Amino acid sequence: MLKVVVIGSSEMASSLLLGVKEAGHEVVGFLRYERISISQPFLFLKDLFAPSDFFMLAKSQNIPEIKVKSVNSEKFRKIIRKLNADIVLVGTWGEKFSQKSIITPKIATINCHPSLLPTYRGPNPYMAVLMNGEEKTGVTFHLMDEKYDSGAILLQVEVPISFSDTGYTLKLKCVKVARDSLKTLLDGIENSSLNPIPQNENISSYYKRITSKDIYINFSMGANEIYNKVRAFHPWAFCYLKIKNEFLKIGYAQIVDLNRHEFFVKNKKYNLPDRYLGEKAGKILLKGDSWLLFSTIDKEKAILLEDVKLYGFCKGILTKKFISLLK
């Protein structure tokens, strides 16, 4: 039985913790990212009124919490040695590890990254793969080094992407695969049947943190590109469209095939005449109280933007009137 310390945040860290226990190994400690990203007074209040799922899960399992401000502190390394940890397992962490900390556990420090490394390195793989219209992604367990997401691969499992996936649904798929893969990973480490495979730098790709520029759409983009961007950010962020010097926040999007002569909004059917084929990109074809159907550069595809709302707390209530005046 391996002794494992789980560090991380959100659904991934929770899934890793559960996966270790289900695999028959022991979680001897946990460290949550909130410890290093939130001030102590605020964390105290958060734990009282809005504790994270990872924190609640670990405490319910009576797992000791590691209370340090950095994984690169001597205090952290001392605790790892005291716990006699074989593995430090990392899931969603924003701090770069030093070599001293990486080699502290008896066997290895292992990261779980939600992509098929060496592609889609970086902090936003769920969003990046969807924005690029990929049909598959994956989960990669790899040895950590002093670079981001570049260590030798121990285990990799593919995850299919459906056309209806959002960033969040894809995340849920990946964390489940990570959880289900831990028995193979940990048993393989214990019986020395896993051979680390160096990553191929010739096919590597890295995607930076999403910025405010990435949330805007325009009609130089095709229907698929707009759709992929809107679903990639959902539900963590909204995309925006600038129209008549106002910004419209977009809830959802769907691609409409103009050749089918019909589409649905909230289960209500609307008809599409032939004259909508080949319209100039960005023309409003149809509209409702909270949705707009636009032509795109793809002559046979329109993009339906749903649950749109004027940006700004006070302006939001004027959305219906604003849409009614659009031509």
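User: Which residue lies over the face of Phe 238?

Analyst: This is a predicted model, in which local features need pLDDT of at least 70, side-chain atom pairs count only at pLDDT 80 or more, and totals for chains, interfaces and linings use all residues. Residues are numbered from 1 along each chain as its sequence is written, and side-chain values use heavy atoms, with hydrogens and water left out. A charge sits over a ring if NZ of Lys or CZ of Arg is within 6 Å of the ring centre and within 35 degrees of the ring normal. At 4.7 Å from the ring centre, the residue over the face of Phe 238 is Lys 249.

User: Which residue lies over the face of Phe 163?

Analyst: The rule for a charge over a ring applies here too, with a distance of 5.4 Å from the ring centre of Phe 163. The residue in that place is Arg 231.

User: How many residues of helix 9 are buried?

Analyst: Helices (H or I, at least four residues) and strands (E, at least two) are DSSP runs, numbered from the N terminus. Buried means under 20% relative accessible area, exposed over 50%, and partly exposed in between (1.4 Å probe, protein chains only). Helix 9 covers residues 223-233, and its buried residues include Tyr 227, Arg 231 and Phe 233. The helix is mostly covered, and the number of buried residues among its 11 is 9.

User: What share of the whole protein chain is buried?

Analyst: The secondary structure of the chain comes to 10 helices and 16 strands. Its C-alpha atoms fill a box of roughly 70 × 45 × 30 Å along the principal axes. Of the 327 residues, the buried share is 49%.

User: What share of the contacts with a separation of 6 or more comes from residues 24 or more positions apart?

Analyst: Contact means heavy atoms within 4.5 Å. Among contacts in the protein chain with a separation of 6 or more, the share from residues 24 or more positions apart is 63%.

User: Which residues is Thr 166 in contact with, leaving aside its neighbours within four places in sequence?

Analyst: Thr 166 is found in the loop between strand 6 (153-160) and helix 8 (167-190). With a relative accessible area of 13%, Thr 166 is buried. Once its neighbours within four places in sequence are set aside, its contacts are Leu 130, Arg 231 and His 234.

User: What is omega for the cis peptide bond that joins Leu 117 and Pro 118?

Analyst: Pro 118 belongs to the loop between strand 4 (108-113) and helix 7 (125-131). For the cis bond joining Leu 117 to Pro 118, omega is about 15°.

User: What is the angle between the planes of Phe 30 and Phe 54?

Analyst: Rings of Phe, Tyr and Trp (its six-membered ring) pair if their centres lie within 6.5 Å; planes under 30 degrees apart count as stacked, over 60 as edge-to-face and the rest as tilted. By this rule there are 12 aromatic pairs. Phe 30 and Phe 54 form an edge-to-face pair, 5.5 Å centre to centre, and the angle between their planes is 75°.

User: Why does this pair tie together parts that are apart in sequence, and by how many residues?

Analyst: Phe 30 is buried at 0% relative accessibility, and Phe 54 is buried at 2%. Phe 30 lies in strand 2 (residues 26-32) and Phe 54 in helix 4 (residues 53-60), so the pair joins parts whose distance in sequence is 24 residues.

User: Which residues form a cluster with Tyr 216 through ring pairs?

Analyst: The rings of Tyr 216 and Phe 247 have centres 5.6 Å apart and planes at 40°, so this pair is tilted. Tyr 216 is partly exposed at 38% relative accessible area, as is Phe 247 at 30%. Ring pairs link Tyr 216 into a cluster with Tyr 240, Phe 247 and Tyr 311.

User: What is the phi of Thr 92?

Analyst: Thr 92 lies in the loop between strand 3 (87-91) and helix 6 (99-102). Thr 92 is partly exposed, with a relative accessible area of 37%. Its phi is positive although it is a residue other than glycine, with a value near 70°.
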